[in-house]
Amino acid sequence: MSADVTEIRTPFHKFEVGFNIIIGLIAPGTRVLDLGCGSGTLLQRLREEKDVEGCGIELDQEKVIRCIERGIRVMTLDLDEGLEGFPDLSYEYVVLSRTLQQLMNPERLIKEMLRVGSKSIITFPNFGHWKVVFEYVLKGQTPVSETHPHPWYNTPDIHRLTIRDFRAFIQEMGAKIEREIHIINNVPYEGAFWANRRAEWGCCLISAA
Amino acid sequence: MAIGSTKEYADSDGLYGRVNTQYAEFDGITLESGVFLGPLTVAYETYGTLSPELDNAVLILHALSGDAHAAGIDANGRLGWWDAMIGPGKGIDTDKYFVISSNCLGGCKGTTGPCSINLGTEKPFGRSFPLITMGDMVNVQGLLVQHLGIEKLHNVVGGSMGGMQALEWAVRHPDQVRSAVVIAATARLSPQGIAFNWVGRNAIYSDPARVCPDTEAGHVYQKMGRGLAVARMIGHITYLSEETMEAKFGRKLRLKDIDGYSYSLGENGMEGGEFEVESYLQHQGSSFMRRFDEDSYIIITKAIDYFDLEGPRGDLVTAFENISAKMLILSFNSDWLYPTSMSLTMVRALQAAKKHVSFVELDLPYGHDSFLANAGIPSLTRIIRGFLNSVR
């Protein structure tokens with residue numbers, strides 16, 4: 001009955017790793033708001049593994065319906081319009097996974113996340129990865145890679161940021177990165193050497209300082 | 001209204017089978033206006049079986065022109081207005097749920113309304129029927145639910161005016177509803193909505209019937225004009241989207257044997273409608289004249305006009321504070337009568353009041369009436385079925 005869902009987001013290549021990191025960062029029995037929740041895979045795992053009362057936000061109709069079918073609380077909202085109506089600190093965690101690079105105004109949404117959640121978890125593809133950079137420098141072309149799979153002229157990934165960019169940005173916002181986990185060759189590392197060049201993905205737990 | 005279909009309601013198959021409308025009698029209620037109205041009759045139908053725990057009841061709330069006959073086939077062979085949604089294995093599964101549907105207070109399909117006899121005068125109430133509110137309609141539904149021995153409803157679900165009632169249930173009877181589905185509705189009727197209703201009622205008031213001398217209580221008068229049909233035509237325009245009208249009618253002409261325009265208003269200048277869209281509206285108006293009562297139309301649209309959960313202070317968050325039901329708000333992106341922005345106002349207020357709310361905006365082109373359109377049924381079925389399953 002349900003149509004196929006086309007994943008326009010950067011595939012979280014070996015997807016489980018990222019989910020596992022996020023789930024590992026979340027304390028049991030908490031409230032989690034998942035921004036860009038897709039068809040609710042993360043929230044379902046959080047419910048089953050961590051007894052989490054979750055809520056998802058998603059714009060794609062088919063994915064929203066899948067969430068409802070899974071019994072997951074969900075809202076059709078456009079993240080670029082912020083989190084109006086969500087009370088301050090109403091969730092223990094706000095998750096923004098694989099979506100940061102697609103927002104019109106990431107700064108505004110992250111401010112909203114810090115307002116609504118005690119802590120926020122953000123994952124994003126690292127444009128500083130050496131393969132990406134090599135392609136950029138050697139070929140002189142916008143790279144197409146596993147983490148940035150779309151050509152420049154037709155991509156939802158409108159921002160290309162590095163792990164170092166993200167750190168500076170969070171500092172500038174006056175927020176704090178509490179934990180930083182990197183996915184390197186599909187394995188999670190914390191405090192990895194030269195992460196900005198080696199990691200495909202950055203996963204950060206942040207809070208208002 | 002589905003594109004390419006002239007059926008009034010979504011495709012249905014009457015899978016539930018034969019149903020009979022039943023009637024319950026009550027002493028009456030004190031209306032929000034303070035007036036006592038009684039005795040009351042409520043026309044209702046039920047589908048499915050009430051569980052021994054009495055915990056599987058779903059109350060269906062119809063829109064302005066609906067009635068108690070929501071599913072199955074009635075004695076006249078007529079299919080229920082939401083038969084596509086209610087039945088064995090359907091979105092609201094009668095194998096699982098005990099489904100109740102009643103005609104609203106003020107209606108003309110069996111429940112006490114302007115057509116009912118006023119015991120004081122022994123004549124129909126007509127326009128002397130007391131003005132009522134959504135809250136009054138819901139209180140009467142409450143009497144029925146109690147009469148059926150149900151303390152807590154698993155779900156209340158309705159579109160348009162039915163959605164307003166679902167909201168009323170959640171706000172005013174928080175202990176009696178586990179969940180509510182509010183489709184294409186609003187927490188307060190907009191001035192635009194009031195304006196359309198006012199034009200509709202004005203069409204009725206302009207009928208010659210209006211000027212029939214009638215000084216007696218009961219306001220019995222002959223219904224002569226086509227005011228109700230005009231009101232319905234206006235209503236229908238607001239229920240459809242521009243896109244649907246374009247797809248369904250375009251600028252097509254009704255008289256296919258004539259090439260081009262007729263350049264005539266017809267015999268004696270009694271124009272019958274040259275464009276297909278005109279003839280469609282004409283048909284809708286005429287069929288509505290046959291099946292609806294103009295005084296019910298007046299009373300019900302007034303109740304819709306009065307609907308405003310925000311109140312004069314414009315504070316919806318406070319209004320929603322009592323809600324304990326899980327809420328599902330549904331809107332259609334082509335609905336310009338109760339647009340998504342109105343649903344979003346409710347969603348934000350529910351979120352601000354820290355209520356359990358889900359919100360789905362559906363991309364359907366059929367305007368306000370999308371919940372009755374064939375093409376919307378598959379999505380709505382998945383959503384409502386999934387939501388009902390998730391409510392414990």
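In this predicted model, the loop between strand 12 (179-183) and helix 3 of chain B holds A184(B); helices (H or I, at least four residues) and strands (E, at least two) are DSSP runs numbered from the N terminus. Although A184(B) is not a glycine, its phi is positive, at about 45 degrees. A184(B) counts as buried because it has 30 C-beta neighbours inside 10 Å; the cut-offs are 20 or more other C-beta atoms within 10 Å for buried, 12 or fewer for exposed, and partly exposed in between, with C-beta atoms placed from the backbone. Residues are numbered from 1 along each chain as its sequence is written, while chains are lettered from A and ligands numbered from 1 in the order in which they are written. As the model is predicted, local features need pLDDT of at least 70 and side-chain atom pairs count only at pLDDT 80 or more, whereas totals for chains, interfaces and linings use all residues.

N186(A), a residue other than glycine, has a positive phi near 70 degrees and sits in the loop between strand 6 (175-184) and strand 7 (187-190) of chain A. N186(A) counts as partly exposed because 13 C-beta neighbours lie inside 10 Å. Back in chain B, the peptide bond from G38(B) to P39(B) is cis, with omega near -5 degrees, and P39(B) lies in the loop between strand 3 (36-37) and strand 4 (40-47). For context, most residues other than glycine have a negative phi, and most peptide bonds are trans.

Turning to helix packing, helix 3 (residues 191-205) and helix 4 (residues 227-239) of chain B have axes that come within 6 Å and cross at roughly 160 degrees; axes are lines fitted to C-alpha atoms, for helices over the stretch in contact, and angles run from 0 to 180 degrees between N-to-C directions. That angle makes helix 3 of chain B roughly antiparallel to helix 4 of chain B (under 35 degrees is roughly parallel, over 145 roughly antiparallel, 65 to 115 roughly perpendicular and the rest oblique). Residues in this contact include F196(B), V199(B) and I204(B) of helix 3 and L228(B), V230(B) and I234(B) of helix 4, contact meaning that C-beta atoms, placed from the backbone, lie within 7 Å. By class, the contact has 9 nonpolar, 4 polar and 1 charged residues; Ala, Val, Leu, Ile, Met, Phe, Trp, Tyr, Cys and Pro count as nonpolar, Asp, Glu, Lys and Arg as charged, and the others, Gly among them, as polar.

Helix 1 (residues 134-147) and helix 2 (residues 161-172) of chain B pack at about 75 degrees, with their axes 9 Å apart, and are therefore roughly perpendicular to each other. Among the residues in contact are M134(B) and V138(B) of helix 1 and M164(B) and W169(B) of helix 2.

Where the two chains meet, the contact takes 17 residues from chain A and 21 residues from chain B. Helix 3 (61-69) and strand 3 (74-76) of chain A each supply at least two residues of the chain A side, and the largest share, 5 residues, comes from helix 3 of chain A. The chain A side divides into 8 nonpolar, 6 polar and 3 charged residues.

Overall, chain A has 7 helices and 8 strands, and 43% of its 209 residues count as buried. Chain B comes to 10 helices and 14 strands, with 49% of its 392 residues counted as buried.
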